[in-house]
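Okay, thanks everyone, I'll keep this short. Have a look at the model on the screen, and then I'll walk you through a few spots.

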Amino acid sequence: MDWYMMNCELLATCSALGYLEGDVYHREPDCLESVKDLIRYLRHEDESRDVRQQLGAAQILQNDLLPILVQYPQEKVLFDAVVRLMVNLTQPALLCFGKVPADATSRHHFLQVLSYLQAYKEAFASEKVFVVLSEKLYNLLQLDWEQRQEEDTLLIERILLLVRNVLHVPPDPTEEQGVDGDASVHDRVLWALHISGMDDLLKFLASAQVEQQWALHVLEIISLMFRDQSPEELAALGQGTAGAEHREDTQELETLRQRELAEKRTRARQRPSRHSRFGGSYVLQGIKSIGDRDVVFHKGLHNLKSYTHDLGKEPRRLPRRRQAAPEAEPSHRSARNVRLFLRHFCQDFLENCYNRLMLLVKDQLVREKAQQHDETYYLWATAFFMAFNRLHGFRPELVSETVGVRAFHFIEQNLTTYYEMALMDKKEATTWARRMHLALKAYQELLRTVQEMDRSPEQAVRDSSQVIKSNIFYLMEYRELFLTLFRKFDETKQPRSFLRDLVETAHLFLRMLERFCRSRANLVVQSKRVRRKKKKKPQVPEAPAPPSAAELEQLWEGLAPQVQACLEGEVPLPEDMVPFDAASETPVEEQRAEALLRIQECLRDSRVPQALRLLRSAREVWPEGDVFGSADVGPPEETQLLREILVAPLPRRAPAEPEEPEEEEEEDEEEEEQTLQVSEKEFNFLDYLKRFACAPVVRALVLLLRGYARNSARTNHCAARLLHRLARDLHMEPLLFQLSLFALFHRLLSDPAAAAHQELVTLAKFILGKFFALAATNKKAFVELLFWKSPAIVCEMTKGYSSLQEGEGTTRSRVPPWTPQEEQELRELYWKYKEVEGGDIIAAILAHLPTPGRTRRQVVKQLVRMGLASSAKDFPRERKGTRIVLWTQEQEEELTRLFEEFQGSDDVLGNIMKHLTARRSRARVVEKLLGLGLVAERKELYKKRRRKSHGPGPGQAATGVPAMPAQDSSGEDEDSEEEEEEDEDEAEEGRMEEHWVPQEGAGQDLAQHLHREGLAGPLRWLENCLRRAAGDREEDGVSHPAPLVPLTEENEDAMEDRRFRTLLRQLGLRPPASEQESFWRIPAALTPQQLRRAAASIAHRGPSGSPQDLSEPPRWPQDPAPEPLPAGLGSDSESEEPVPVPVPVPSPVQPRTKRRRELASEDEDEDGGSSGTELAPPAPREEEEEEEEEEEDPQPRGRRKRIRCLEEEEEED
């Protein structure tokens, strides 16, 4: 709805209400419907509150609604509707807009609505309106709760809300500029409320048993009634004559007159007796002007003291964020008859309503039945009425509900909450500071009431005060409250009135505590200490070492009877064993390796029934390949299969390392666990007073005393007494040697009205005398004036700057100081390593710092302190796994230069890595070289080997196989530890032989030699793989490269043997072609016939020359023979007689699935660890060295490589 239509509809609706003729209002027939329409319009107004503004401009409430309310109170429906509309129109502007708008347009609308509300409040200052409301409210309250309808309850609430809204409207400072004692709009509203009897109804609602639900409404209205009142003025109103106020005003005026006369006398003394037409010009020696010359002063000598360099300058504008918090509006002294009415109201309220109402309100606050921040009304009522009771014939029984330990706890809890919220909610810090001020005033009044109870003539009252004081002085929270408020005082958020009440309350608390300590010999108080216990970071549990072969054999001997019992049915098998995880993201077909691991874990944990059930279930899920046995397998075969699974070195996943959080302290920093320790100790008042001897407390006191002329005598006394306690009682006079305080003393002593502040003058003279006495012996005292001081600095100023020994005072530091020599070394190291890119500057400095024991944080803080860095953010700590791999242009140029320099060397990549400035991994350097186009293939970066031709070995001579290039003997000693480079070199040779087709009978003699050397098991595994690949290619009709994936330790060791790999090359198999491959492969070019001939050539032959064929039941492929070999697998131990080893009938096994290959492929990553191939067996010395290496490291090399590959893959991911 646009503005024009809205205005027309509003105009028509308002016209339908009626018209006012003289004092009589004539309503239209559609008056009720028009009122409801206006309510509906207000419900749909926009953010600018346009409907509210238009109704306010038309003065609908003054000209229509109030006359309808006064003249037609008997029409219940119309009266109810009019009250509803007026409650909506008088709603506070803060509730309409949420908060004071910041932008100019919204703020204009806010102020416009506020002006209309002020006009409404003036219209309500009528006895007729409140008489009608009071009569209607009285009639509703006469109804019993059985007769009271829901509409009646709503009307009671709306009348109370209407009164609340009218009283809530703030005064208009432009209109109400009268002197104290004049009746303001608020006073006239209060007087109309009093004449109508509404105040008696409020007291009835506060005291009636059946009207408990209106407790918070009544308390809010009462707080608004006494908004401009002071309990001291109301209490003193009836205690003296009518001229008491006149005497106070006269005394205040006399003080101002005396100040003015003193200023006149001072100016008269400065003026010379004879007037001179020539004022004169003077040169002020020692005071320089803009140039190098002295200042020329063109005024009389009597104005010389007021000279300053700031004369004629414009004052610098203070930023808004640094401006002092605004003070609350000054209270207006109401008319005398209004104050008399309010005084009688306070007396009646205390005697009949206070305790009951405060009990109900606190119960609703504790049970969270009230609205948010309603506790502020409770805090205000506590402070106001307890102060009135204390000043007006103190009677503790009238305020017994809010005097006690529970009241102290409730107020302290709210005060702490407001304090914490002011620190966290920065945007609303001013609002939280106002609430904190209310809580502080309530706390102050509680202390004053307890102090007044000590003076009571009744012993019971004095005993009660002793109990309360013993409780609040015992707990640490009450003692530390004022220290916390002083230290966190912020003049930009908290007004000076808050500081004034804080100083007065702290003075009162210290005085009460001091007297309480004097009355007792020993005072025991509670002490709480936060103990920080260092808790070490949880370390990643290391993977348990795999059991040895002997342990597995011993374990199997114990499991064999259980296996036999399970197979015979003596032990029931569980039915709920599933070999796969249906909820896993891994497909069921790829969970076969995990099933093997589960079976193995069950066997190693002696859970044979579960292992057997898992084996049979896995056989049903994965029948292909007979990995878990054939469908018609018998008990002997299942026993043998379980044994092979038990001893098989299956690949296991490495445990995932937990993510390391960002470290803010040292790398080896330990977490701190905080525990609160509560204990008791004997209280010492002077030790507690020393807690106030700090810069924040002194700074706050000085800030308060800057307005000593405006402060009350009580405020100046409290501030001066606190400073006197710190200086005289603690003997810390230098604590007050501060330039800002001395400037205040100078202004005070120069004040003509200083006689009115005799206590401050005495303090100033005492402090100045102590300062000049100390300056006579300590010339640095003048420099110390520029700084706020601590007790340790005070001790150094009085006893000498070297008086504090190590470990004493607050200057003690865990960090040893930096000497000039250490700072110079740190500066040189910083400039040395600053230009090094890709490195950690702090780590480099710590590595070369001559002084041991320095931490990373200490070095960073010292660099910032020396101005070499702006903040600690300039040295970010490198996170694990987040190293930046981007190459700068300078790094690319350096890499290109190094490549061109070492391009003709034998080890191009190794030389580049040695001379590269920025630390990079080999993989990153290879990728960058390929990206820059410096190399076309990775093999160009492999280490080149110097080779020479040898004579054919015995195997080659017998089989006619072409001689393979052998490695030079010197190459084996050179860089033998670099397994990765050897693998790459071997891969290079393998790619040259990829398309080589073996001849018939190739490798036959070498295979027989390996049989005699103890490699019968790996040869049988290789034979089975070749026959299985041949069968797969005949069945599928398609040839793909098939990887050789060893799963047993014996097969892994054989794949690392040089002679076994030589045999693989003779059979036409190829090594891994690149870093993407980890296993040897059967080339796709080999036909099934060639594969079968190769398998037949490596089959073990007996004395007759034919392959041995024993009737041994089929076993799980790729596993060692049942009988362990006497020699270590993969070793080169010689024996004179060949050892006959039974060979099982090969059973075709299907190729493994993708998931199984990936798990197994981790075993052979970067496998191939030999630097060359030889047909002849190595020398015996080399055999002994290899045996010694295996004895030193009990873990197989294949297992070590598998773990290393898994870790590298996790880091790359």
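Predicted model: local features only at pLDDT ≥ 70, side-chain atom pairs only at ≥ 80, totals over all residues.

Is R706 buried, exposed or something in between? Partly exposed is the call, because its relative accessibility is 44%, and that class runs between 20% and 50%. Skipping the neighbours within four places in sequence, R706 has contacts with S740, L744 and R747. There's also L741: 35 residues away from R706 in sequence, yet the C-alpha atoms are 8.8 Å apart.

Next up, the inside of the protein. How many residues make up the largest nonpolar core? That core has 193 residues, and the ones with the most contacts inside it are M225, F226, F385 and F692. The top contributor is helix α22, residues 496-518, which puts in 12 residues.

Let me zoom in on F385. Beyond four places in sequence, F385 touches I222, C346, F349, L350, Y354, W380 and V399.

Leaving out residues up to four places away, S223 touches Y377 and W380. S223 belongs to helix α12, residues 215-225. Its relative accessible area is 10%, so S223 counts as buried, the cut-off being under 20%. And what does the S223 side chain reach? It gets to the backbone oxygen of E220, at 2.6 Å.

Last stop, V113, in helix α7, which covers residues 104-124. V113 has a relative accessible area of 2%, so this one is buried as well. Which residues pack around V113, if we ignore those within four places in sequence? The contacts are R49, R52, Q53, A93 and F97. G56 is 57 residues from V113 along the chain, with 7.7 Å between their C-alpha atoms.

That's my tour. Happy to go back to any of these spots on the screen.

Definitions and conventions
Residues numbered from 1 in each chain as written. Heavy atoms only, no water. Core = buried A, V, L, I, M, F, W, Y, C linked by side-chain atoms within 4.5 Å. Buried < 20%, exposed > 50% of the residue type's maximum accessible area, 1.4 Å probe, protein only. Helix = DSSP H or I, 4+ residues; strand = E, 2+ residues; numbered from the N terminus. Contact = heavy atoms within 4.5 Å. Polar contact = N/O pair within 3.5 Å; in protein donor to acceptor, adjacent residues only side chain to side chain.
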